[in-house]
Amino acid sequence: MKLYPKNFATAIHNCNLSGISLSRYFLDIEIVLNETPEAVILKKMEKNLSVMEKAAAKGIAGVTSFSGLTGGDAKRLAAFRTKGSPFGDSLYLEGMIKSLAVNEVNAAMGVICATPTAGSSGVLPGVLLTIRDRLHLSRRAQINFLITAGGSGILIANQASISGAEGGCQAEVGSASAMTAAALVEAAGGTPSQSGHALAIALKNLLGLSCDPVASLVEVPCIKRNAIGVVNAIAAAEMALAGIESRIPVDEVIQAMGSIGRMMPMALRETALGGLAQTPTACRMTSMLQEEGHIPWPFPAARSDER
Amino acid sequence: MAVFQSVFDIIGPVMVGPSSSHTAGAVRIGLAARSIFGEQPEEVDITLYGSFGHTYRGHGTDLALIGGLLGRATDSDEIRYAYDLAEKEGLKVNIKVSDRNVDHPNTAHIVMFAGDRSMNMTACSVGGGMINIIRIDGFRVRVSFDNPTVLFFYRDRTGMIARVTRILADHSINVSRMQVARKESGTQALMTIATDGIIPERVMAEIRSISELGPIISLSELMREPDQAPVNGSTAQESRRPQS
């Protein structure tokens, strides 16, 4: 049975051998491995891209989450940008707005494209929908961005994890930010090897991140963390494009993330039994949501208080 | 651990929020259960373990499982109204949370009833909307959707495996993973076959003509795009064509 390349080093090696980009390499694998013609893959990816665009637009217009706990921050930040940030306009600011927007739509049970998960679905669109104008990316180049990010994400998922329940938030926003950084380097004209360094740098910056959401909702701190994923991805890409290298090889960084995830206590892996989710304010919010009927009893946090 | 093989496992699925593992994965578990049952159940008992049990309300895991059992796809905006839908479409739902330790943090056990029939399935959501089925009707299985998978129920007897695999071989269909389980000698058995590429309908028809075979369930298409997911009761009983 044909399999995906085992690690990022193999991907870089094969790209250099044939003188092709990561997106071409991952696309060729997709065609062979899943027996799907190129045109079908591109069309499907185009559909995913348009879902991201719609979600960003919807979120910037302003949404409120299913629970009522969050929402409106993308709109707030967009207004701040229009008024003029005291620090001047930046790629980072625009990216943060779009990532908050997509993730607020997610919390509102709206339609999004998971990249790689729903909780981290704001990071990639936040970057792509921002840099595409600055880099004058064609539609096809934007689809290539998604393919490179997707291929990089597979290498993370197969060597570590992309599940918050398995590896904490480092596996979700960490992975999202890392795979986006790799794609961003390619879109900006960097080499496959630089993409590897960007992925490594971005992932290292978020290692150890716990998944401890308030009331177990994908809202606090998830939504704002997507904005940090954007900032981190762009920063890592800029460092890599400048020729800065990760001292730890990319695959070892990915495996370290997997290993940290396995050491993480269950309370910090999407169970709402520890960390931020068990702060006094989070417990008050949880009771409030219960009283308003947004989340019913018995909630595990409340149950552990009683005992 | 699931082996991710397609960029669409990472860039996708297109889905309603808020969680790929707890919402989209749960929809797919519901859809898989419905496909295995072969019709819409009248009643389901759902038991949630681990993180599923702790956080299901906040993630809409219950809504998602019910939505899937009602044949809704991962991107259906009806999922948030799943309890109302269930009432309207005649599905009685019982949800339980168990503290029992399980291998995977996102595990659901679903027992389905219709008339005098009942079947059960246990599955885990392993991240990014991907799922693994680990038990069907007491049979330990390992269906991970990285390849098209077909389940064959049959009465345990000599030669059944050879008869099915010979037909596959005659049509040059390569088996990538195969598993046979039975409760006791001579009783109900389950053969799980994953193949490189989907088994064409004419080959499935030939296999179906083996008289001693029981229900055949094709799970090939569950992990595809939402608009390809089964919407009506028994669609998954047929092997469908590749989307290309």
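Author: Before we start, a residue here is called buried when its relative accessible area is under 20%, exposed when over 50%, and partly exposed in between, with a 1.4 Å probe and protein chains only. This is a predicted model, in which local features need pLDDT of at least 70, side-chain atom pairs count only at pLDDT 80 or more, and totals for chains, interfaces and linings use all residues. Residues are numbered from 1 along each chain as its sequence is written, and side-chain values use heavy atoms, with hydrogens and water left out.

Reader: OK, which residues of helix 1 of chain A are buried?

Author: In helix 1, residues 8-18 of chain A, the buried ones are A:Phe8, A:Ala11, A:Ile12 and A:Cys15; helices (H or I, at least four residues) and strands (E, at least two) are DSSP runs, numbered from the N terminus. Seen down the axis of helix 1 of chain A, these buried residues fall within an arc of 95°, so they line one face of the helix, the arc being that of the directions from the helix axis to the C-beta atoms.

Reader: And what do they pack against?

Author: The buried residues of helix 1 of chain A pack against helix 2 (22-33), helix 7 (139-159), helix 10 (192-205) and helix 12 (250-263) of chain A, where contact means heavy atoms within 4.5 Å. After helix 1 of chain A comes A:Gly19, with a positive phi, near 60°.

Reader: Switching to A:Ser121, is that one buried or exposed?

Author: A:Ser121 counts as buried because its relative accessibility is 0%, and it is found in the loop between strand 1 (111-113) and helix 6 (123-134) of chain A.

Reader: What does its side chain make a polar contact with?

Author: The side chain of A:Ser121 makes one with the side chain of A:Asn103, at 3.3 Å. A polar contact is a pair of N or O atoms within 3.5 Å; within protein, one must be able to donate a hydrogen and the other to accept it, and residues adjacent in sequence count only if both atoms are side-chain atoms.

Reader: Now the interface: how many residues of chain B are in contact with chain A?

Author: There are 47 residues of chain B in contact with 59 residues of chain A, and across this interface the rule finds 17 residue pairs in polar contact, both residues at pLDDT 80 or more. Helix 3 of chain B gives the most to the side of chain B that touches chain A, with six residues.

Notes: Chains lettered and ligands numbered in written order.
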